[in-house]
Amino acid sequence: MSNSLFDQVQSIQQDIANTSLDNLEALEAFRIKLLGSKNILKPLFAEIRNIEPARRKEFGLLINEVKSQAEEKYQALQKELAGVQQDQHTIDVTAPGEPVYPGARHPIAITLNRIIEIFAKIGFNVAYDREIEDDWHNFTSMNTPEDHPARDMQDTFYLKDSSQYLLRTHTSSVQSRVMTKTQPPIRIIAPGRVFRNETISARSHCQFHQVEGLYVDKGVSFKDMKQTLYYYAQEQYGKDVKIRLRPSFFPFTEPSAEMDVYWGLNNEHDYRITKGTGWLEILGCGMVDPNVLESCGIDSEKYTGFAFGMGIERQAMLKYKISDIRYLFENDVRFLNQFTSAL
Ligand code: DAH
């Protein structure tokens with residue numbers, strides 16, 4: 001009786017030593033058979049008490065040893081199989097290479113980089129700031145107090161349950177971020193994303209990009225502003241560009257203007273985008289309102305400044321003849337790949 005139990009355990013021991021496998025299912029079967037909750041050693045452990053006392057210890061040692069061997073073997077097999085699978089993955093030198101696609105710059109990034117480059121040449125630094133802004137920096141400090149009708153012009157996304165925090169509606173908020181931290185001379189442009197609760201269509205989106213400009217120093221005049229913006233237009237649209245400033249209104253500038261560039265009326269498309277005038281509006285600008293300077297802790301008796309804000313999408317769409325603003329936000333690679341070689 002006990003001899004046959006010894007035989008059974010030894011035969012299992014032999015099987016373990018002889019096992020070799022080549023797939024994961026077989027490995028799992030091995031585990032269930034020898035290490036699972038109903039493994040074949042279990043009933044043999046239960047037999048210990050039936051072994052004659054003189055050989056009980058010997059049997060106990062044997063069966064425990066076999067159990068450890070099963071565990072070791074399982075781990076060894078596991079490693080071996082993982083190795084095989086890895087080899088299969090890395091060693092096939094005949095497999096064709098993975099194609100490498102060059103990245104493409106986004107048309108917004110290309111246009112923005114060009115704008116930064118143009119202003120960097122005349123000494124403007126780039127300032128970045130937050131997209132989640134507070135009411136004060138976005139509106140109040142920009143001379144747009146609560147109940148000011150101009151707040152309705154920019155349908156604002158407020159953060160949930162907050163009348164204080166919002167997604168900035170324009171990059172003008174960076175003006176107050178910079179002016180509350182720095183005394184003049186200040187000469188910055190501030191590019192970034194802005195948000196307005198607008199219905200999405202071919203011409204408008206609820207998110208878009210702007211570049212803000214701000215120059216504050218002693219004796220900065222309207223003439224300086226006009227010259228700076230003319231320089232910009234020439235760099236961006238060519239030396240022969242024609243510009244005009246039309247009187248306008250913004251709460252944070254006085255006087256305020258909008259700048260148009262002459263686009264021409266050469267075809268039907270030109271008629272449509274310029275509404276038959278030949279002129280295209282590209283930015284808003286003006287002399288920084290003294291109230292804005294004072295709100296931000298800058299002495300308006302001593303300093304004056306000009307500011308401007310322009311949209312980037314509009315300019316990118318003109319430059320690349322993109323007919324629908326939504327293409328710029330959909331990240332369709334068929335669209336984006338067309339810009340592979342640009343800048
Ligand atoms: N913040 C204005 C807008 O989003 C654009 C603007 C106009 C910015 C005049 C300025 C400015 O700095 O002086 O429509």
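Where is Asn331? Asn331 sits in the loop between H13 and helix H14 (333-336); point 7 returns to this residue.

1. Basis. This is a predicted model, in which local features need pLDDT of at least 70, side-chain atom pairs count only at pLDDT 80 or more, and totals for chains, interfaces and linings use all residues. Residues are numbered from 1 along each chain as its sequence is written, and side-chain values use heavy atoms, with hydrogens and water left out. Helices (H or I, at least four residues) and strands (E, at least two) are DSSP runs, numbered from the N terminus.

2. Domains. The protein chain is split into domain 1 (2-90) and domain 2 (107-339), with bounds that come from an automatic or database domain assignment. Taken over C-alpha atoms, the centres of domain 1 and domain 2 are 75 Å apart.

3. Ligand shell. The ligand is surrounded by 16 residues, and the closest are His170, Ser172, Arg196, Gln210 and Glu212. By class, the shell has five nonpolar, nine polar and two charged residues. In this scheme Ala, Val, Leu, Ile, Met, Phe, Trp, Tyr, Cys and Pro count as nonpolar, Asp, Glu, Lys and Arg as charged, and the others, Gly among them, as polar.

4. A polar side-chain atom of Glu212 lies 2.5 Å from an oxygen atom of the ligand, and one of Arg196 lies 2.8 Å from a ligand oxygen atom. For His170, a polar side-chain atom is 3.0 Å from a nitrogen atom of the ligand. Taken alone the ligand exposes 350 Å², of which the protein buries 91%; accessible areas come from the Shrake-Rupley method with a 1.4 Å probe. Helix H8 (172-179), strand E5 (207-217), strand E8 (279-288) and strand E9 (304-311) are the elements that give two or more residues to the shell.

5. Salt bridges. A salt bridge is a side-chain nitrogen of Lys or Arg within 4 Å of a carboxyl oxygen of Asp or Glu, and by this rule the count comes to 16. Asp260 pairs with Arg246, the closest N and O atoms being 2.8 Å apart. Asp260 lies in strand E7 (residues 253-262) and Arg246 in strand E6 (residues 243-250), so the pair ties together parts that are 14 residues apart in sequence. Asp260 is buried, at 2% relative accessible area, whereas Arg246 is partly exposed, at 28% (buried means under 20%, exposed over 50%, partly exposed in between, with a 1.4 Å probe and protein chains only).

6. Other salt bridges. Glu235 and Lys239 form a salt bridge with closest N and O atoms 3.5 Å apart, and Lys239 is exposed, with a relative accessible area of 55%. Both belong to a network of salt bridges that links Arg114, Glu117, Lys121, Glu235 and Lys239. The side chains of Asp129 and Arg130 also meet in a salt bridge (2.7 Å, N to O); Arg130 is partly exposed at 39% relative accessibility.

7. Backbone. The peptide bond from Pro184 to Pro185 is cis, with omega near 5°, and Pro185 is in the loop between H8 and strand E4 (186-195). Another cis peptide bond joins Glu254 and Pro255, with omega about 0°; Pro255 is in strand E7. Asn331 is a residue other than glycine with a positive phi, near 55°. Lys321, also not a glycine, has a phi near 55°, and lies in the loop between helix H12 (312-320) and helix H13 (327-330). Lys321 is exposed, at 72% relative accessibility.

Definitions and conventions: Near = heavy atom within 4 Å. Polar contact = N/O pair within 3.5 Å; in protein donor to acceptor, adjacent residues only side chain to side chain.
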